[in-house]
Amino acid sequence: MIDRKFSIFTRKKSSPTGEKAIENNHNYDDRNNISSPSNSNSNSQKKKSNAEDEFENNAKKSLSIKNRKLSFYSIRSGGSVETIQMQNNAQIFTHTSTYRGQMVAIKKLNIDPKKYPKLELSRKLLMQFKIMKDLQHDHITRFAGACVDAPNYCIVTEYCPKGSLEDILNNDTLKLDKMMKYSLLHDLVKGMYFLHNSEIRSHGKLKTSNCVVDSRFVLKVTDFGLAELHAMEDTTEAQLDEHSFYKKKLWTAPELLRIEEAAPPQGTQKGDVYSFALILHEMLYRKDAWYLGEGVELPHPKEILENVKKSPISDEFLYRPVIPEASPVEDHPETVKKLIDLMINCWAENPHDRPEFSVIRKIVHSLNKDNETSNLVDNLLKRMEQYATNLEGLVEERTQEYLAEKKKVEDLLHQLLPPSVADQLITGHAVQAESHDCVTIYFSDIVGFTALSSKSTPMQVVTLLNDLYLAFDGVVDNFKVYKVETIGDAYMVVSGLPDRRDDHASQIAQNFVIRHRANEQLKLRIGMHSGSVVSGVVGSKMPRYCLFGDTVNTSSRMESNGLPLKIHVSSDTKEILSKDPDFGLELRGQIEMKGKGLQTTYWLKSYKDQCVPDFGPEFR
Ligand SMILES: Nc1nc2c(ncn2[C@@H]2O[C@H](COP(=O)(O)OP(=O)(O)OP(=O)(O)O)[C@@H](O)[C@H]2O)c(=O)[nH]1
Ligand SMILES: [Mg+2]
């Protein structure tokens with residue numbers, strides 16, 4: 001019975017997304033206002049048979065079905081989630097919703113509510129709804145219902161989550177092998193053969209966007225029928241944007257383009273065959289619709305259509321997509337030739353020269369023998385296998401991207417923390433505080449930095465320090481030292497940790513002898529001291545590798561009690577350095593150090609043949 005199968009939704013409601021939503025109508029008065037065939041066409045009604053009356057009554061009853069919910073939870077969402085992800089943001093949007101627990105696709109109709117405040121549910125339209133509802137085939141989408149209440153005029157159909165054939169062909173990450181192409185082609189031909197032999201007779205808008213693919217990778221033809229409803233849509237050039245207006249017609253046969261408005265809205269069977277030829281070209285070669293040769297820029301759709309419309313002098317001068325030289329599928333050359341010949345025949349200029357879908361079906365069937373002879377499960381498994389292979393490729397690609405990103409993060413961490421510490425953090429281990437018996441710490445400070453800063457802009461100060469520290473960092477890399485931190489104008493370096501080493505004092509001392517040159521404008525005060533420290537990472541957010549212990553303070557005091565352009569060395573560091581005759585050290589004498597009392601300290605004067613220059617008495 002129609003009322004069980006046939007659902008026409010009315011009533012608008014706001015969806016969670018803020019868009020207008022449509023739900024079942026509880027407003028009987030409203031619905032009763034919809035002109036019914038009986039009151040709009042009373043004369044003709046008299047002639048109706050009992051069966052027709054029953055049909056109409058049932059159809060009217062179906063308008064008042066309650067409790068059928070159609071909640072628009074994702075009016076804005078496009079394609080399936082998979083489609084969106086696969087397409088890497090290049091989504092094509094379609095409206096989706098759930099109806100009776102099933103995902104459905106909603107095609108909004110471009111019907112102007114001012115022109116059509118109410119839909120005339122004519123007998124013809126009701127008949128078309130019934131035909132649509134009764135159509136059932138593996139390779140056409142199931143019609144679920146329609147909303148005939150202004151302004152939410154729309155058609156609701158089965159939702160195919162893998163998107164349209166257009167989406168799939170445009171998705172470079174999806175590889176389609178011979179078997180997959182043949183399977184999709186076979187589905188398309190079977191769907192079209194069924195449509196041509198059904199009451200629908202012809203599609204009229206066959207194109208890649210009207211072939212959708214379900215979760216099992218089965219292709220289904222969609223957006224056919226309901227010509228009566230589509231006739232109310234605004235589809236003129238003035239109402240759509242120019243590009244989409246002409247793009248939609250790219251698959252239309254020349255004979256239909258020539259008669260323009262007079263073309264039947266449901267198209268013709270031979271017209272569908274022409275459209276099929278263009279789809280076949282797209283599927284086989286995976287080039288743009290209307291591929292015109294390598295490097296040839298695609299003309300505006302309007303220009304393409306003008307060329308198609310022109311009557312060719314002969315078949316040689318037919319304006320059709322260019323057939324590339326390379327074989328479109330890995331198959332026997334004879335089979336490939338058969339396919340290409342089929343394509344050429346299908347886009348023949350004279351509609352009578354184009355084969356029927358029954359003939360096309362036989363040819364495609366012969367290609368697809370393998371798939372056909374194997375049972376359904378095998379076929380499905382093959383498709384899934386192909387899909388899985390595609391996914392594997394995708395996973396591999398994404399893994400590479402992930403690894404590249406991970407490496408960037410690790411590199412960054414290695415710059416912020418000593419590599420051995422960073423590695424512990426990366427592997428998720430807590431970094432234990434460590435005690436080091438003897439390390440050497442270097443502190444340097446710019447003399448008169450405060451005065452200099454007060455005369456410079458903050459930006460100039462940052463630039464100056466950046467220049468200086470970049471130079472330091474460059475030198476530091478050549479030695480086994482670790483830059484602990486920079487605090488304003490102070491630069492702190494340590495050697496002997498986290499990787500323990502005996503030549504820590506030497507590594508630090510060699511480091512900076514070179515940097516002091518007579519013509520340098522900045523005057524640095526440098527202090528060094530050796531002793532024990534404890535190192536550890538403090539905090540989990542922005543973790544910092546820190547040194548603790550008296551050695552750190554003493555090193556800092558060595559710097560602050562030093563002189564500009566001199567390297568001040570503690571007696572502990574001197575003890576270590578003097579074991580190496582390459583270092584030239586000079587006794588400074590006894591100096592009073594805050595909290596430490598009198599301390600004997602030294603100047604580091606030279607390393608091998610490099611000397612810290614003498615800058616005159618003021619720096620002695
Ligand atoms: N995932 C999915 N996407 C769909 C479905 N139906 C339509 N789409 C998407 O919506 C896009 C636009 O579809 P339509 O609004 O029908 O527009 P069209 O097919 O270009 O034009 P006409 O059907 O001729 O009006 C398609 O390219 C698909 O990406 C479906 O069932 N599933
Ligand atoms: Mg469509």
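Start with strand β16 (residues 566-570) and strand β18 (residues 597-607): the two pair in the antiparallel sense over three bridges. Strands here are DSSP runs of E, at least two residues long, and helices are DSSP runs of H or I, at least four long, numbered from the N terminus. Two strands count as paired if DSSP finds at least two bridges between them.

Before moving on, note that this is a predicted model: local features need pLDDT of at least 70, side-chain atom pairs count only at pLDDT 80 or more, and totals for chains, interfaces and linings use all residues. Residues are numbered from 1 along each chain as its sequence is written, chains are lettered from A and ligands numbered from 1 in the order in which they are written, and side-chain values use heavy atoms, with hydrogens and water left out.

**Stop 1: around β18**

Select Ser570. Opposite this residue, in β18, stands Thr601. Pick Leu585 and its bridge partner in β18, Leu604. Then go to the turn. β17 and β18 form a hairpin with three residues between them, and Gly595 in that turn has a positive phi of about 80°.

Thr554 sits in helix α23 (residues 550-560). Its relative accessibility is 6%, so Thr554 counts as buried. Buried means under 20% relative accessible area, exposed means over 50%, and partly exposed is in between, using a 1.4 Å probe and protein chains only.

Next, show the side chains of Lys566 and Trp603. Lys566 lies over the face of Trp603, at 4.9 Å from the ring centre. A charge sits over a ring if NZ of Lys or CZ of Arg is within 6 Å of the ring centre and within 35 degrees of the ring normal.

**Stop 2: the magnesium ion**

Select ligand 2, the magnesium ion. Its protein donors are Asn210 (OD1) and Asp223 (OD), lying 1.9 Å from the ion. Donors are N, O and S atoms within 2.8 Å of the metal (3.2 Å for Na, K and Ca); water is not among the atoms, so sites may look incomplete.

Check the accessibility of both. Asn210 counts as buried because its relative accessibility is 5%. Asp223 counts as buried too, at 19%.

**Stop 3: aromatic pairs**

A search of the whole structure finds four aromatic pairs. Visit Phe245 and Tyr246. Their ring centres are 4.8 Å apart and their planes at 85°, so this pair is edge-to-face. Rings of Phe, Tyr and Trp (its six-membered ring) pair if their centres lie within 6.5 Å; planes under 30 degrees apart are stacked, over 60 edge-to-face, and the rest tilted. Phe245 and Tyr246 are both buried.

Now select Phe276 and Phe357. This aromatic pair is also edge-to-face, at 5.4 Å centre to centre and 70° between the planes. It links distant parts of the chain, 81 residues apart: Phe276 is in helix α13 (residues 269-285) and Phe357 in helix α16 (residues 357-367). Both are buried.

One more ring to see: Arg361 lies over the face of Tyr193, at 4.1 Å from the ring centre.

**Stop 4: along α13**

Of its 17 residues, 16 are buried. Just after the helix, Arg286 takes a positive phi of about 50°.

From Tyr285, jump to Ala326. They are 41 residues apart in sequence and 8.8 Å apart in space, C-alpha to C-alpha. Ala326 lies in the loop between α14 (301-309) and α15 (333-346). Is Ala326 buried or exposed? It is exposed, with a relative accessible area of 52%.

**Stop 5: hairpin and cysteines**

Select strand β5 (residues 95-99) and strand β6 (residues 102-108). They run antiparallel, joined by five bridges. His95 has Ile106 of β6 as its bridge partner. Two residues separate the strands of this hairpin, and Arg100 in the turn has a positive phi of about 50°.

Finish on the cysteines. The structure holds zero disulfides, counted as pairs of cysteine sulfur atoms within 2.5 Å. Cys154 is in no disulfide; the nearest cysteine sulfur, that of Cys147, is 4.9 Å away. Cys154 counts as buried, at 1% relative accessibility.
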